[in-house]
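Trainee: Hey, could you walk me through this model? I'd like to see how to read it piece by piece.

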Amino acid sequence: MEHDQIAAFGADDVAVIDNVLADTSVPGITRRGIVKRAALGAVAASALGPVASAMAKSDSAATIINTAITAEALAVTYLTGLIENASATGVTKFVDVLKAANAAEYDHYKVLKSLGAKPLTTKFWAPDDFFKPGHVFPTIEVAETLFVNAYLIGTTTFAKAGKADLARYTGEILGVEAEHRALARFAQGKLPNNLAFESYELHSMGAIVKALEGAGVGFGAKGSKPGKFYEFKKPPQSALTHISNPAPK
């Protein structure tokens with residue numbers, strides 16, 4: 001990834017990652033490891049001073065859509081894997097929900113591509129834990145929380161740049177990502193709606209990437225936890241279902 005796409009993040013960002021993980025069933029020891037890596041990034045940002053701080057708050061439109069399409073490719077890859085191995089991953093009861101989510105993520109990918117977005121990588125390292133029964137929906141909840149935050153970064157950036165259509169597109173996408181998170185919470189037996197406003201705590205796409213890496217995801221490289229590589233590809237029809245509004249108006 002290019003230098004300006006990997007930005008460090010600060011103490012407030014570390015706190016929100018800890019809060020998100022604390023509200024899921026991610027094991028405490030794992031949570032501490034993620035937060036520790038985030039904290040090290042915050043220390044590095046502090047040492048670099050205002051240059052790192054400015055970088056973290058100045059994502060370009062290209063950085064935003066290229067990072068977003070990469071995240072959508074990751075989501076499709078993961079959801080397709082869950083659906084194709086529903087019995088082993090313990091998601092049989094919710095497979096139709098996952099197919100609808102997968103169809104939405106793939107529509108997001110296609111629309112972003114039509115806008116000129118280019119994935120930073122289509123090869124992802126996913127920890128084995130992500131596919132274990134009992135870990136799937138906490139993983140989805142954390143990921144969708146980060147995706148909502150990522151699209152809020154896009155909304156803010158595009159609004160400041162006077163790109164009203166792009167700002168609205170990101171709003172339309174993040175609304176669907178929030179639905180996915182609510183369904184993941186429901187699957188865990190949690191109250192689906194736990195917020196009055198969405199969280200906007202991470203302010204750069206680099207911070208989003210680093211949070212995912214802290215959870216063990218690898219973007220074109222091995223991640224920090226035992227797992228394997230998965231390559232993004234067009235999902236088969238058996239991993240999708242019909243949904244409405246496949247593109248923004």
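This is a predicted model: local features need pLDDT of at least 70, side-chain atom pairs count only at pLDDT 80 or more; totals for chains, interfaces and linings use all residues.

Trainee: How far apart are the end C-alpha atoms of α7, and what span should we expect?

Mentor: The end C-alpha atoms are 36 Å apart. With 25 residues at 1.5 Å a residue, α7 should span 36 Å, so the two values agree.

Trainee: What comes after α7?

Mentor: G162 follows α7, and its phi is positive, near 75°.

Trainee: Can we zoom in on one residue? Where does T139 sit?

Mentor: T139 is in helix α7, which covers residues 136–160.

Trainee: Is T139 buried or exposed?

Mentor: Buried. Its relative accessible area is 15%, and the cut-off for buried is under 20%. Leaving out residues up to four places away in sequence, T139 touches Y78 and F130.

Trainee: Which residues touch the most other members of the largest nonpolar core?

Mentor: Those are L82, L98, F137, I140 and L212, in a core of 57 residues. The elements that give two or more residues to this core are α4 (61–84), α6 (95–114), β1 (123–127), α7, α8 (164–187) and α9 (205–214).

Trainee: Pick one of those for me. What does L82 touch?

Mentor: Not counting residues up to four places away in sequence, L82 touches T89, V91, L98, F130, F131, V136 and I140.

Trainee: OK, new topic. How many helices and strands are there?

Mentor: The protein chain has 9 helices and 3 strands. Along the sequence, the pattern reads α-α-α-α-α-α-β-α-α-α-β-β.

Trainee: In what order do the strands sit in the sheet?

Mentor: They form an open sheet in the order β2-β1-β3, with antiparallel pairing. β2 (218–219) and β3 (227–231) are the edge strands, and each pairs on one side only.

Trainee: What holds strands together in a sheet, anyway?

Mentor: Strands of a sheet pair through backbone hydrogen bonds, in either a parallel or an antiparallel way.

Trainee: How many bridges join β1 to β2?

Mentor: There are 2 bridges between them, and W125 stands opposite G218 in β2. β1 and β3 pair over 5 bridges, with A126 standing opposite K228 in β3.

Trainee: Why is β1 called largely enclosed?

Mentor: Because 4 of its 5 residues are buried.

Trainee: Let's jump to a loop. Where is P192?

Mentor: P192 lies in the loop between α8 and α9. It is partly exposed, with a relative accessible area of 33%.

Trainee: What does P192 touch?

Mentor: Setting aside residues up to four places away in sequence, P192 touches A182, R185 and F186. P192 and A182 are 10 residues apart in sequence, and their C-alpha atoms are 4.6 Å apart in space.

Trainee: And N245, where's that?

Mentor: N245 is in the segment after β3. At 56% relative accessibility, N245 counts as exposed. Its phi is near 55°, a positive value in a residue other than glycine.

Trainee: Zooming out, what share of the residues is buried?

Mentor: Of the 249 residues in the protein chain, 48% count as buried. The chain exposes about 11,900 Å², and carbon and sulfur atoms supply 59% of that.

Key. Residues are numbered from 1 along each chain as its sequence is written. Side-chain values use heavy atoms; hydrogens and water are left out. Buried means under 20% relative accessible area, exposed over 50%, partly exposed in between (1.4 Å probe, protein chains only). Contact means heavy atoms within 4.5 Å. A nonpolar core is a set of buried Ala, Val, Leu, Ile, Met, Phe, Trp, Tyr and Cys residues joined through side-chain atoms within 4.5 Å. Accessible areas come from the Shrake-Rupley method with a 1.4 Å probe; for residues, only the protein chains shown count as cover. Two strands pair if DSSP finds at least two bridges between them. The expected span of a helix is 1.5 Å times one less than its number of residues.
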